[in-house]
Amino acid sequence: MVRLKSRYVLFEVLYPQTSPSSADSSREDIVLRGHRPSPADITGKVLLQEIRRSLQLHLGDYGSGKVCSLLQLKYWSNNTSTGILRCHREDVDLLLTGLFFLRELGNDNLRVIVNPVKVSGTIKKVEQYAMRRSDRMVALVRKGSARAATDDALQLSNNNFASVTADAQD
Amino acid sequence: MELCFIQLLGSYDTPPETPHNMLVDLNVRWPQESFSKPVTDKDIAVLRSTLETLHTTGYTHVVLNFTVSHSEKFPSQPNDLNPMRIEERFGSLMQTTGLKIYSRITLVIDDPSRGQTLNKISKVYDIVAALPVSERGLTLATTGGLDIDLLTLDYGQRLPTFLKHKSICGCVKRGVKVEIVYGYSLRDVNQRRQFVQNVRSVVRASRSRGIVVSSGAREPLEVRNQLGVTALLRTLGMTSDQCSRANNELAALVLLNGRLRVKSYKQTVAAGSGAVSVVDDPALAGGAAMKIVRRRRDSSDTEEHPSKQAKI
């Protein structure tokens, strides 16, 4: 029997400032402004619902049906605003297109960018990549910053993959 | 400018100086509609946060795009021709983030008979682009009547005419790239539908050669990273290697071509500070004074190696 092949998409949710930012800000400020924790009412369920809605709106019955046949949110963390999605190997482009057009989240219509970071065939590689990435980010924030080990920086590194659910089919 | 260096440019399939980690956005809207309307501080602040978001999503080279009508009178003072003053406004941002910012002018071409010459204007901008909104404008832009680096279209509206393969491909053959602006697809339903339709016809007419992709972002929320853009273009019928070239190599090539138009001798020799890349060289930035060094070349030498003469 042929194994079910899937792709895992690591994504992050960015909340770009629409209010003007100050003229001279340090590199740490820019990194921290770019990656912010999500509010508590953005749960995995809300997120998945919004993704499904975007797929339905932009790709129609055919596209959304195709992608949603295997669409799972394997991981979501409010602290780091990152998550992992699972889909069929053939439908990864459609899923990414759905994420491309996703502009608002939650009841307050928070305006967001959903930023796909990495696509891989195994969840292990995606996790490792996410950890390396957040380590790099924390190192960048701590370097030369007077406010070393601030709460923000700690939150950036707080990826806990113990909560990732195992695949049922594999 | 104590050091001169020579850079021979090969054929444009293998650009000599495009490292793979270079991600270019050729179109971020400069918040000004004409030369007569000055830019406000608020607009600049929004633009700054757009640039920060671009940096966050991984872009390394960003081009600010000033769109004006071709028939509008250009200011007579040379200093007023480029109102961006990038170094003054974004110098500190460029230093802290390592982002490189360039300038571009897009001319909206409606009636070619009322247009002006580009000699003066092309000296102060890194890239010159054309946006035809009528059939005659498109003919002018594609037949080489104007010295441009980039052909762009209004993706939110119906195209002015059916795009012919001959005109678009002829344009690409001369080295002018065709731009896809995905910002239109993020605005409203009608524009999105029109965007898909227009991208399909551009891909068909150009046989997906020489396509570059850029954001056209007006605010931070209209920025997407490379993975997302690639997925969008793939669902619209381009192959994945063409997609990755569209905001890497080819876009870098447009930048290089534009820089060399003004800052080199016959697009072959550029005098700079000796940096590896003409695009990144600080000595060639903005209106920096430069000296052109002419070197004589053996005529037999050029005949033997015609490929070395290849113009981009």
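Good morning. Helices, of at least four residues, and strands, of at least two, are DSSP runs numbered from the N terminus. The model I present is a predicted one. With those terms, chain A reads β-α-α-β-β-α-β-β-β-α-α along the sequence, that is, five helices and six strands.

Chain A has 170 residues, and 36% of them count as buried. Among its contacts with a separation of 6 or more, 70% join residues 24 or more positions apart.

Let me turn to helix α2 of chain A, residues 44-68.

Several residues of α2(A) are buried, including A:Leu47, A:Ile51, A:Leu55 and A:Leu59. An α-helix has 3.6 residues a turn, so residues three or four places apart point the same way. The cover over the buried residues of α2(A) includes strands β2, β3 and β4 and helix α3, of chain A.

Helix α3(A) leads us to chain B. Two packed helices are described by the angle between their axes and the distance between the axes. For α3(A) and α7(B), residues 226-235, the angle is about 120° and the axes are 8 Å apart. Because angles from 65 to 115 degrees count as roughly perpendicular and those over 145 as roughly antiparallel, α3(A) is oblique to α7(B). Their crossing is left-handed. Among the residues that meet here are A:Leu96 and A:Phe100 from α3(A), and B:Ala231 and B:Leu232 from α7(B).

Thank you for your attention.

Terms used: Residues are numbered from 1 along each chain as its sequence is written. Chains are lettered from A and ligands numbered from 1 in the order in which they are written. This is a predicted model: local features need pLDDT of at least 70, side-chain atom pairs count only at pLDDT 80 or more; totals for chains, interfaces and linings use all residues. A residue is buried if 20 or more other C-beta atoms lie within 10 Å of its own, exposed if 12 or fewer, and partly exposed in between; C-beta atoms are placed from the backbone. Two residues are in contact if their C-beta atoms, placed from the backbone, lie within 7 Å. Axes are lines fitted to C-alpha atoms, for helices over the stretch in contact, and angles run from 0 to 180 degrees between N-to-C directions. Angles under 35 degrees count as roughly parallel, over 145 as roughly antiparallel, 65 to 115 as roughly perpendicular and the rest as oblique. A crossing is left-handed if the near helix is turned anticlockwise from the far one by less than a right angle, and right-handed if clockwise.
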